[in-house]
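This briefing walks through selected local features of the model, grouped by topic. Please read it alongside the sequence and the coordinates.

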Amino acid sequence: MKKISLLACFIFTLSSIVFSQNDSTDTKRKKDKKDKEFNWGSIHGNFGFDAQYYNNDSLIGAPNVPDKFRANGFLNLVYTNGNFSAGLRYEMYLPKPLLGFDSRFEGQGVPFRYASYRIGGLEVTAGSFYEQFGNGLILRFYEERALGFDNFLDGFRAKYTPYKGINLTGLVGKQRYFWGHGAALIKGIDGEVNFSEIFSKLQDKKIKLILGGSFVSKYQDDQEIPNPDNPSQLLKLPLNVGSWAGRLTFGIGRFQLNSEFAYKINDPNRTNQYIYRPGSAFYLSASYAQKGLGITVQAKRVENFDFRSDRNETGNALLMNFIPMLNKQHTYMLAATVYPYAVQTNGELGLQADINYTTPKWLAKKYPTQINLNFSMVNALDTNLTGDRYGYTTNVFGFGRRLYMDANIEISQKVSKSVKFNLMYMYMFIDRNLVQGFGYTPREIHSHIVVADVSYKFKPKHTLRFEFQTLQTKQELDHLDDRVNGSWVMGLIEYTFAPYLFVSIMDQWNYGNPTEDYRIHYITGTVGYNFKSTRISLSYGRQREGIVCIGGVCRQVPASNGLTLSIMSSF
Amino acid sequence: MKKLIIATFISVIFMTSCDYVDAPYIQMGANGCTITEPTFTPRTNPVRKILVEDMTGHRCGNCPRAAEKMLDLYSNYPGQIVGVSLHSELSGYFTAPLADTGKFSYDFRTALAKAIDQKFGVSAVGLPNGLVNRKKVSGNPVISHTQWANEASQILAAPPDMDIQIKPFFNASDSSLCAYVYVECLNNLSGSFKLACYLVEDEFINWQKDYAYPGENIQFYHHEHVLRAPLSTTWGTLLADGQVNTGQTFVNGYSITFDLARWNPDHCKVIAFVYNENTDEVIQAEEQKIIP
């Protein structure tokens, strides 16, 4: 990020030259005053623009786009001057948002703007801001542009550090809801004590201890919501819904533990079919690290914990919290996007183990081998329906139906100065109906994915990369209308002239689709150019329908065919 | 220390930001009433009161005969009859307003009457017909007006199982009505009990067809007990599911804003009744003029 303060620099330099010739105290004071007067601060920011020209392509199921051209764009500007900062973001979705983004974003404006200053241990922000308490179980306001996800809070926030190692945060406001605000007023406080910072003896003994707690409440006006069991009755709604969480981070030497427990009182809402059972969430992560070896074991249990600032909203709108995903965030296309897992905020039990191992020098000889072993599984809760509005009771440690399982091994090896490869094998299981909310009828898919990724640097700065992937699975003969069905192969060739230029061509082929017409080649060609902090890319081809997930939060993307221009730049 | 006190104070404020809702999780209190709930004193000698619903139509020439039977019931059982005249869209020709003749242009029909008609199938049998306490006779709740008196006498012979009191509060400045309904159980009863509350208007003068009248069309006919609107939902508020016990009481409030162009508050009354959802049979009914 480059600061722009040309005028300030110019004046500063000029004044330095002029005043350096006189050393009298009086003149010095004047100089200081002058410098102060002309400290205009600095502005930095970033800019993004994605535009797409759409072709009709009924074969891949691309929806007809009458306007043909659509673009999403934004510009962030941040002004800082000492302890003061202010910023804004202009956004544009014209004439309509790109396919796959919520159509309610249509339009342009400046939804995000704030001013903030810091005095001693106090920092105050008015306007729009992002925030996270602990692991985010009861509060996380964040932006994920690729998902079209933005749930910042518009309001007021104070952060206070009364003593080194003690941090307090209080906030109040309403969440962004496209071009307006969510229905509920949100209030939250968070406190964290870092004992390792307070007591230096702990640091000496390499002990890390952090305790934190938070409380978040939302208030939404009463509404007439009929009882789903008997529409002639109206539900008695809690207008104030509170939730709290406690967390602990403990580390000693190479071992670290991080855990958080959260509880939410009755919060009948559309996503839980208006039941009154309280919600709870538990997250635990234990890790061990030493040279060449890293082990992480994680567990979570989430029950009725969809928390959002409008009891009638669904999807990604107005989410107030974030349930961490305990599955590997895959980067290879077929592993990441064909059958992705979406976190089930209203009930899941998950486990993950992840081991990273790098072969030691004596074994590796010239180039070490990096091995990653990862296993994760997520099950639904073991519930018994109560038959009334309370909803259900659960067996705390009971595992319900399996939602997802992923076991994979990834090996990275440099062979010579110019050649390196990455190999991955993955077994995956998913119950698509349960995970995507299509009902309780099982739709179980078992798949095996193999990836080979080879890079060859044939000249300094010139690299060719080849990627081959395949996903092997049985055909779903009872879903013949599905364009994602059966086995896939994918190939990619990429040429990079570092750091400026890259060209790639990729083909994904659903060759195993039981419907012959749907054995489609999704071919895309991309050219990209990087210059300093700007990246421009142009791609042309087909994008298949699917689900894009980041951190377990997903959005549905329809198929499209066309030309895409993407520009990202920061200054 | 000062900071600790402030922090504790803030925490207490936040901790109070929780509304715990107990079972059965449905609205039992005042639905939009801004008037404080009044006190009700149990009556010393409550009597059984019945709900008589007359499915009628302004262009139904035999329907005034049923209206006469209703008035007879009021005379014969003073203080024990709660009458309602329902104009349902399902009655077709009988209730449809006429647009071009100047006669019968008023639309008496309500969605509430249609819902009740649909459930009990009165229009399907033909007009005039009605329901007495929604009680089934030989498996059929639809009873001809000629049988109402007989049915009423049998039901009214028994002592009451519940008592209902209504306290309406009409605010002329904003035309709002808030009505509190008190239900007292006089016996132990099993079932799923619901309280329904409607707005009804008396002495509404408009056209009525009457085959017994010379020329058949009466311009200044007095329409009594005209069903106007629900105060509760159509099927009412659940009071108890399973069982009610002697001495158990329930108070529910309901509110509505008057459509002054159509309803005259001086002639309106609130009716309320409790019924067993399992049998649809009315246990007790009550009516109360909103302006005494």
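Pro128(B) sits in the loop that runs between α4 (122-125) and β3 (129-132) of chain B, and the peptide bond joining Leu127(B) to Pro128(B) is cis, with omega about -5°. This is a predicted model, for which the predictor gives the complex an ipTM of 0.79 and a pTM of 0.68. Chain B has a mean pLDDT of 89, and 91% of its residues reach 70 or more.

**Backbone geometry**

- Most residues other than glycine have a negative phi, and most peptide bonds are trans.
- In chain A, the peptide bond from Ala498(A) to Pro499(A) is cis, with omega near -10°, and Pro499(A) belongs to the loop between β27 (488-497) and β28 (501-509).
- Phe104(B), in the loop between β2 (81-87) and α3 (111-120) of chain B, has a positive phi near 55° although the residue is not a glycine; Phe104(B) counts as buried because 20 other C-beta atoms lie within 10 Å.
- Arg134(B), which lies in the loop between β3 and β4 (142-143) of chain B, likewise has a positive phi, of about 55°, and Arg134(B) is classed as buried because it has 21 C-beta neighbours inside 10 Å.

**A sheet in chain B**

- Three strands of chain B form an open, antiparallel sheet in the order β5-β6-β12, with β5 (162-171) and β12 (249-257) as the edge strands, each pairing on one side only, and with a twist that averages 15° from one strand to the next.
- β5(B) and β6 (residues 176-185) of chain B run antiparallel and are joined by 10 bridges, and Phe170(B) has Leu177(B) in β6(B) as its bridge partner.

**Nonpolar cores**

- The largest nonpolar core has 68 residues, and those touching the most other members are Ala179(B), Val181(B), Cys197(B), Ala272(B), Phe273(B) and Val274(B); β6(B) supplies the largest share of this core, 8 residues.
- Apart from neighbours within four places in sequence, the contacts of Phe273(B) include Leu51(B), Val82(B), Ala196(B) and Val282(B).
- A second, separate core of 30 residues includes Ile189(A), Ala281(A), Leu318(A) and Leu319(A).

**A loop glycine in chain A**

- Gly165(A) is found in the loop between β10 (153-163) and β11 (166-177) of chain A, and is partly exposed, with 15 other C-beta atoms within 10 Å.
- Although Gly165(A) and Asn194(A) are 29 residues apart in sequence, their C-alpha atoms are 4.7 Å apart in space; beyond four places in sequence, the residues that Gly165(A) touches include Val193(A), Phe195(A), Glu197(A) and Ile198(A).

Conventions:
Residues are numbered from 1 along each chain as its sequence is written. Chains are lettered from A and ligands numbered from 1 in the order in which they are written. This is a predicted model: local features need pLDDT of at least 70, side-chain atom pairs count only at pLDDT 80 or more; totals for chains, interfaces and linings use all residues. Helices (H or I, at least four residues) and strands (E, at least two) are DSSP runs, numbered from the N terminus. A residue is buried if 20 or more other C-beta atoms lie within 10 Å of its own, exposed if 12 or fewer, and partly exposed in between; C-beta atoms are placed from the backbone. Two residues are in contact if their C-beta atoms, placed from the backbone, lie within 7 Å. pLDDT is the predictor's confidence in each residue, from 0 to 100. Two strands pair if DSSP finds at least two bridges between them. Axes are lines fitted to C-alpha atoms, for helices over the stretch in contact, and angles run from 0 to 180 degrees between N-to-C directions. A nonpolar core is a set of buried Ala, Val, Leu, Ile, Met, Phe, Trp, Tyr and Cys residues joined through C-beta atoms within 7 Å.
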